[in-house]
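Here are my notes for your review. Please read them with the structure open.

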Amino acid sequence: MNRTRRSNLVGGLLLVLLGLLVLVIQLLPGLRIHFSWPWIIIGFGVLLLLIGSATGVAALSIPASIVAGIGGILAYQYASGDWDSWAYIWSLIPGFVGIGIVLFDLLGGDTRAAAGAGGWLILISLTLFCIFGSVFGALGFMGQYWPVLLILLGILLLIRPLLRPRRRGGSA
């Protein structure tokens, strides 16, 4: 991937992340954002992403996503005082790996594979987050309906092979 395209991708990603931060602040006015020690961890994750994109080492996007994501979790917990959320919020970490894999594929120039394995990790992570969050009482909107997520994920796994075109020739 050429340098201009890579820098556009990283710049766009940083703008999306900044926009998400501002949106969360607007949607949750009770959540006060304090720029404290968790933001240093987020900054290290962003720095890893910038270094990886500047040097052409797309693989750095995976640890960058993990570090920045954990920093985001800690920033939320520090701002809200909800340290008990570790009971279910840990389930977002595989999703951070998935985001890193998507970024790795995008920065590496493989846009066709970008949503593949990374997308599955993100989906599984969000499903686990909803399940554990509702079990531990934090996600009241899910209540007793979280098994529907398991059913939908199972159906998706069952029909996924049917949606792929079959390869001709060779063994399976």
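This is a predicted model: local features need pLDDT of at least 70, side-chain atom pairs count only at pLDDT 80 or more; totals for chains, interfaces and linings use all residues.

1. S61, position and burial. S61 sits in helix α3, which covers residues 61-80. Is S61 buried or exposed? Its relative accessibility is 1%, so S61 counts as buried. The cut-off for buried is under 20%.

2. S61, polar contacts. Which backbone oxygens does the side chain of S61 approach? One belongs to A58: this oxygen lies 2.7 Å from a polar atom of the S61 side chain. Another belongs to G100, which the side chain of S61 reaches at 3.1 Å.

3. Setting aside residues up to four places away in sequence, S61 touches L49, G100, L103, F104 and L107. Helix α5 spans residues 93-107.

4. I66. Helix α3 also holds I66. With a relative accessibility of 25%, I66 counts as partly exposed. That class lies between the 20% and 50% limits. Beyond its neighbours within four places in sequence, I66 is in contact with F96 and V97. The C-alpha atoms of I66 and L92 are 9.7 Å apart, and 26 residues separate the two along the chain.

5. Q77. Q77 is another residue of helix α3. Its relative accessible area is 0%, so Q77 is buried. Which residues does Q77 contact, leaving aside those within four places in sequence? They are D82, W83, S85, W86 and I89.

6. α5 against α6, geometry. Two packed helices are described by the angle between their axes and the distance between the axes. Helix α5 (residues 93-107) packs on helix α6 (residues 117-135) at about 160 degrees, and the axes are 7 Å apart. That angle makes α5 roughly antiparallel to α6; the cut-off for this class is over 145 degrees. The crossing of α5 and α6 is left-handed.

7. α5 against α6, contact residues. From α5, the contact uses I93, P94, G95, V97, G98, I99, I101 and V102. From α6, it uses G118, G119, L121, I122 and S125. What is the make-up of this contact by residue class? It has eight nonpolar and five polar residues, with no charged ones.

Terms used
Residues are numbered from 1 along each chain as its sequence is written. Side-chain values use heavy atoms; hydrogens and water are left out. Helices (H or I, at least four residues) and strands (E, at least two) are DSSP runs, numbered from the N terminus. Buried means under 20% relative accessible area, exposed over 50%, partly exposed in between (1.4 Å probe, protein chains only). A polar contact is a pair of N or O atoms within 3.5 Å; within protein, one must be able to donate a hydrogen and the other to accept it, and residues adjacent in sequence count only if both atoms are side-chain atoms. Contact means heavy atoms within 4.5 Å. Axes are lines fitted to C-alpha atoms, for helices over the stretch in contact, and angles run from 0 to 180 degrees between N-to-C directions. Angles under 35 degrees count as roughly parallel, over 145 as roughly antiparallel, 65 to 115 as roughly perpendicular and the rest as oblique. A crossing is left-handed if the near helix is turned anticlockwise from the far one by less than a right angle, and right-handed if clockwise. Ala, Val, Leu, Ile, Met, Phe, Trp, Tyr, Cys and Pro count as nonpolar, Asp, Glu, Lys and Arg as charged, and the others, Gly among them, as polar.
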